[in-house]
Amino acid sequence: MRPAAILLDFGGVLADAPPRRTAPPGLVLRIFNLVNGSLTPGEIQRTLTEGASAWAAWRDEDWPDELSQAEVWERFILPGWPPAAQVPVRGAVRKLSYEWAWRDNWALRPGIPSALEAAAEAGVPLAVVSNTLSGAAHRDFLDRAGIGRFFAVQIYSDEAGVRKPNPQMIWNATDELGLPPEECWFVGDTPRRDVVCARRAGVARAILMPSPRTAEEPAGAPPDDTVEDGFGLRTLIEKYL
């Protein structure tokens, strides 16, 4: 059936970047300047890198709720830091979270603008549904990349208070669009998180667009369709329009 709307994940679907193994140097420098030498750059780098790994392990669990930005820093970064470092960081959590989420090497997946244009030309609304520490960073990238204008709704876990595979993420988007989820499509890159979320939300089609992370994910629910990139997604869209 023709989709009433198409919901898309951000990382691995709209855009992607190579894995980041260490904390971004710009973030380390900003924190070093904030804490006035109470920690060395090496200590900050090590804590951020180890904290990111611990946070990633937490995110792999099937949690229904999202941690706030402040909770992420309090739980994974600040323990063990001297008060002289903790206090200024707490006061700059929003800006620091933005920098942590932002990727200078984000790039649109091949064919994504073409797929979005096909949906827009057919009058099919589009939405972003993504887990992230900073939805503001994702919005800014989409605008800079010239595709933010395509999306009627953007739902991010740091703002919603829940994270995929909690189906509320999808329902938030369909509620804002004023459409029933069973008439919408969802496109993600992970069977365990995205496809499972789509199944729980009861969408019409769960579409997998594999990314470099897909093979590393634990097994999840099977998708209705698999497309390699945005060009494949456009072909699938045109098949049902």
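## Pockets

A pocket is an open set of points on a 1 Å grid over the protein atoms alone, with protein on both sides within 12 Å along at least five of seven lines, and its lining residues have an atom within 4 Å of a point. Grid points are joined across faces, edges and corners, and a volume is the space filled by probe spheres set on the points. The model is predicted: local features need pLDDT of at least 70, side-chain atom pairs count only at pLDDT 80 or more, and totals for chains, interfaces and linings use all residues. Residues are numbered from 1 along each chain as its sequence is written, and side-chain values use heavy atoms, with hydrogens and water left out.

The second largest pocket has a volume of about 210 Å³. Its lining is made up of Arg20, Pro24, Pro25, Gly26, Leu27, Tyr98, Glu99, Trp102, Arg103, Asp104 and Asn105. The largest contribution to the second largest pocket is the three residues of α1.

## The largest pocket

The volume of the largest pocket is about 1,400 Å³. Its lining has 42 residues, and the closest to the centre are Arg20, Ala56, Arg59, Arg103 and Arg213. At least two lining residues come from each of β2 (15-16), α2 (41-59), α5 (93-101) and α10 (191-201), and α2 gives the most, with seven.

By type, this lining holds 17 nonpolar, 10 polar and 15 charged residues. Here Ala, Val, Leu, Ile, Met, Phe, Trp, Tyr, Cys and Pro count as nonpolar, Asp, Glu, Lys and Arg as charged, and the others, Gly among them, as polar. The lining of the second largest pocket divides into five nonpolar, two polar and four charged residues.

## Helix α11

Helix α11 spans residues 230-240, and its buried residues are Gly230, Leu233, Leu236 and Ile237. They lie on the same side of α11 because they cover an arc of only 115 degrees around the axis, taken from the directions from the helix axis to the C-beta atoms. Buried means under 20% relative accessible area, exposed over 50%, and partly exposed in between (1.4 Å probe, protein chains only). Thr235 and Lys239, on the other side of α11, are exposed.

The cover over the buried residues of α11 includes β1 (5-8), α6 (112-121), β6 (184-188), β7 (205-208) and β8 (225-226), where contact means heavy atoms within 4.5 Å. At the N-terminal end, Asp229 caps α11, with a side-chain oxygen 3.0 Å from the backbone nitrogen of Phe231.

## Helix α6

Ile112, Ser114, Ala115, Leu116, Ala118 and Ala119 are buried in α6. These buried residues pack against β1, β4 (126-130), β5 (151-156) and α11. Just after α6 comes Gly123, with a positive phi of about 75 degrees.

## Loops

Met209 sits in the loop between β7 and β8 and is buried, with a relative accessible area of 0%. Its C-alpha atom is separated by 8.3 Å from that of Leu233, which is 24 residues apart from Met209 along the chain.

Asn36 belongs to the loop between α1 and α2. Its phi is near 55 degrees, a positive value in a residue other than glycine, and Asn36 is exposed, with a relative accessible area of 70%. In the loop between α8 (157-160) and α9 (168-177) lies Pro165, joined to Lys164 by a cis peptide bond with omega of about 15 degrees.

Terms used: 1 Å grid on protein atoms, 1.4 Å probe; cavity = no way out; pocket = protein on both sides within 12 Å on 5 of 7 lines; lining within 4 Å. Helix = DSSP H or I, 4+ residues; strand = E, 2+ residues; numbered from the N terminus. Polar contact = N/O pair within 3.5 Å; in protein donor to acceptor, adjacent residues only side chain to side chain.
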